[in-house]
Amino acid sequence: MLRTLQADEVRLVCDFALDGEPPEELEASDSIIGQERAIRALRFGLDIPAAGFNIYVAGARGTGRTTAVRHFLKSVADERGVPDDWCYVNNFKNPYEPKALAVPNGQGFTLAQDIRRIVESAKEEIPEAFQSEDCQAKRQEIRDAFEQQREELHRQLEQQAKAKGFVLQATSSGLFIVPVVDDKPLREQDLLRLDDETRKELREKQRQLHDELKSIQREIHKLQRRAQEAVTELDREVALYVEGQLFAELEEKYAANAGVVKYIQEFRDDLVKNIDVFRAGPESQNPGETSAAEAEWMREQALKKYKVNVFVDHSDTKGAPVIEELNPTHNNLFGRIEKEARMGALATDFTLVRAGSLHKANGGFLIVPAEDLLRNLFAWEGLKRVLKNQELVIEEASERLGFMATRSLNPEAIPLNLKVVIVGSPELYHILQMLDPDFKELFKVKAEFGTDMECSEANVRKYRSFFHSLCNKEQLPPLAECAVRRMVEYGARLAGDQQKLSTRFADLADIVREAAHYVVTDMEEAVTAEHIARTITEKDYRSNLMEERIQKLISDGTILISTKDAVPGQVNGISVLDLGDFAFGRPSRITATVGLGRQGLIDIEREAKLGGSIHTKGVLILAGYLMKCFGQTTPVSLTGRLVFEQSYGMIDGDSASGAELFALLSALAELPIHQGIAVTGSVNQKGEFQSIGGVNEKIEGVYRICKLQGLTGQQGVLIPEANVRNLMLHEDVVQAIAEGTFHVHACRTVDEGIELLTGVEAGAMQSDGTYPPESVNGRVQAKLRTMARQLQAFTKEQGEDKHEE
């Protein structure tokens, strides 16, 4: 039944009792207001330890999804343990494959300091130890023993040579065995003058002595090697004597960590093998070869392998880490291997390995925006790979492209244990579900954020607590109770439903921040309802330039809109123009013309390729309605045209199908429609009026045009009954309704609407399928019958003319 709405029906007035107890601060776990479904999904995804149960948070922008998830994860993380630190150390067997060490949280830098202390101690104490008299004496003792044994072997060889008539001669080319006659060495020409037998005998003795010389030289080499080993062992003993206590203390300190103990042992062995690096100093360099600074730099480069790269440090972390990566590039997520210039070339080592967000979040939670993740090259594929393999591998991005790469590092992989939370839109979630088979295996939990919640007293109190927490956090002036009520009403407006409240907390918070600015400039103490209203008005004013220009075009007659006449076949429909940050309703003149023919209803917008598919569907439904109401007894033979006048852009949606039907019925019945009543609503083939979107913007847009042209008390808007709960009109429109200068009518059927627009009874179908003659439907039926007869007669006449020809 058609009804005219009262002022208290077109806007929610918050009447919840807010006085009494002061608002409470929101706990982190309660910061997700009105999202019980999302909270349950988050708790499930975080609690289940099985692989693949990572979380996709789906929700519209502005619902506070990211902020809420961050606070929720931090509250959960506080109850969990702090993960281990991770360090990269040199692999003494293969420097190109650095080793990863896990140490209890906070001990990464401790280990690095302990290793650095040993190195610094070795740099100072080892040179001193080797310069001590005791060490020098032992080294000299080893050298003297070697020289004594070497000289003894040479003496024995000389005696054997002398006994056989030979002498040893030392030259730059080595030792030579020369025959002696009469205590004089024989020259080669002297040797040739000897008889063959004597010469042969001397050659044989010389060969024997050569063999003996080779044997003695081998023995000398053995002695030299043993002497060198003795010196090396002495150096090792000195180094262990100097640093052994520190190594022992370090092994005892980290005895519970087998990996660290093994590294300390390998470090100790390598230090002993490379003792010369510690023993050498600037004074040991050859003058003229390198400067002292260059020598020190080269020494530091050689000692760099003994550093500890604290890759991930959790010394300041409380609970499990919660990392939010807002720029999820390949390097930012998976880490990178930096390079530095050395001697004119780029080089790298394990100390230049840097952690990514996944490493920092390991043992906790990682939050990543879905759109940015998919936009960055290799980021999405890389994330899927590490989640599948459950380990973190650092590699150059260029290697993923297949480019030729220089030799680089291959750091040891780190085990992965974390939950990844991707935040994105619901549309993107469905796209990934359909197109990426890995997505449903790796992100099995969906936490969806809705854009509204029930308008209950409990939720209103949560609204109040949210505003209280926001003001305390950002040091804003507090909200008075009237301001809280006004914000509740604004929340219902954003939700577009008197029984709902919006969860777009980002937009709500911005209103509070702007209102607080006016409080400060007005030098007042609290935010009141007037400040909230002023903020909303100013916010709209900053964005409604397009609306004002269209209103000006209507008021000066450039765009033809009448709100006072009565015209047949013409009605004011309403469309919504959404500019992104601002939406407003705009009346549009819709006209219909009918004539003889069998083409049916022609949508001019579709013919001009300016109509969308949904609008076309709405027009086709009109033909179904005509067939249902009049086609049972009367041939529906007509050619009708429907158009949005002065429309030059795309039109879509079916919210104008009701207005188009009223214009068509008016044209057929030849009854004028009151132009002061605009129409919005879709219809079905049974003549039922169906709900539409943007009802508040549409009503307010019509009201402003009527106000410009002068309110008569007869103007208003016809809407579907189903949209009454969606009404949250501005105060000026509510005031006009209360004063009776503007009206909002709600109907359920086409008959109710056409009666309001024409002032003529619609007429019910009688038992014989006809309608009362003076009713709207009776007039339409009569017109259709007349047109059918005229078309039949015209067709017959045309046929006779052709026959005569």
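## Basis of the description

Two residues are in contact when they have heavy atoms within 4.5 Å of each other. This is a predicted model, in which local features need pLDDT of at least 70 and side-chain atom pairs count only at pLDDT 80 or more, while totals for chains, interfaces and linings use all residues. Residues are numbered from 1 along each chain as its sequence is written, and side-chain values use heavy atoms, with hydrogens and water left out.

## Overall organisation

The chain contains 28 helices and 31 strands; these are DSSP runs (H or I, at least four residues, for helices; E, at least two, for strands) numbered from the N terminus. Of the 805 residues, 47% are buried (under 20% relative accessible area, with exposed meaning over 50% and partly exposed in between; 1.4 Å probe, protein chains only). Among contacts with a separation of 6 or more, 76% join residues 24 or more positions apart.

The chain has an accessible surface of about 40,800 Å², and carbon and sulfur atoms contribute 49% of that area (Shrake-Rupley method, 1.4 Å probe; for residues, only the protein chains shown count as cover).

## Nonpolar cores

The largest nonpolar core has 40 residues, of which Phe-630, Phe-662, Leu-665, Val-679 and Val-780 touch the most other members. Two or more residues come from each of strand S23 (583-595), helix H23 (613-630), strand S25, helix H24 (657-669), strand S27 (677-679), helix H27 (750-758) and helix H28 (776-804). The greatest contribution is that of H24, with 8 residues. Such a core is a set of buried Ala, Val, Leu, Ile, Met, Phe, Trp, Tyr and Cys residues joined through side-chain atoms within 4.5 Å. Beyond its neighbours within four places in sequence, Phe-662 contacts Ile-673, Val-679, Phe-689, Leu-718, Val-750, Gly-753, Ile-754 and Leu-757. Another core, of 37 residues, lies apart from this one and includes Leu-366, Leu-409, Leu-418 and Phe-443.

Gly-640 is located in S25, which spans residues 639-644. With a relative accessibility of 0%, Gly-640 is classed as buried. Residues up to four places away in sequence aside, Gly-640 touches Thr-593, Val-594, Gly-600, Leu-601 and Ile-602. The C-alpha atoms of Gly-640 and Ile-604 are 10.0 Å apart, and the two residues are separated by 36 positions in sequence.

## Salt bridges

The chain has 40 salt bridges, each defined by a side-chain nitrogen of Lys or Arg within 4 Å of a carboxyl oxygen of Asp or Glu. In one of them, the side chains of Glu-395 and Arg-385 meet at an N to O distance of 3.1 Å. Glu-395 belongs to the loop between strand S15 (391-392) and helix H14 (397-400) and Arg-385 to helix H13 (residues 379-389), so this pair ties together parts that are 10 residues apart in sequence. Both partners are partly exposed, Glu-395 at 22% relative accessible area and Arg-385 at 26%.

Lys-500 pairs with Glu-454, with 2.5 Å between the closest N and O atoms. This bridge links distant parts of the chain, namely strand S20 (residues 500-502), which holds Lys-500, and strand S19 (residues 452-454), which holds Glu-454, the two residues being 46 residues apart. Lys-500 is buried at 19% relative accessible area, whereas Glu-454 is partly exposed at 45%. A network of salt bridges also links Glu-381, Lys-384, Lys-388, Asp-436 and Asp-438.

## Helix H20 and its surroundings

H20 comprises 13 residues and spans 18 Å from its first C-alpha to its last, close to the 18 Å expected at 1.5 Å a residue (1.5 Å times one less than the number of residues). Its buried residues are Ala-529, His-531, Ile-532, Thr-535, Ile-536 and Asp-540, and their cover includes helix H18 (481-495) and H19.

Arg-542, in the loop between H20 (529-541) and helix H21 (545-555), is tied to Glu-514 in helix H19 (residues 505-521), 28 residues away in sequence; the closest N and O atoms of this salt bridge are 3.0 Å apart. In the loop between H19 and H20 lies Met-523, a residue other than glycine with a positive phi near 55°. Met-523 is exposed, at 75% relative accessible area. Gln-475, also not a glycine, has a positive phi of about 55° and lies in the loop between helix H17 (457-474) and H18. Its relative accessibility of 74% places Gln-475 among exposed residues.
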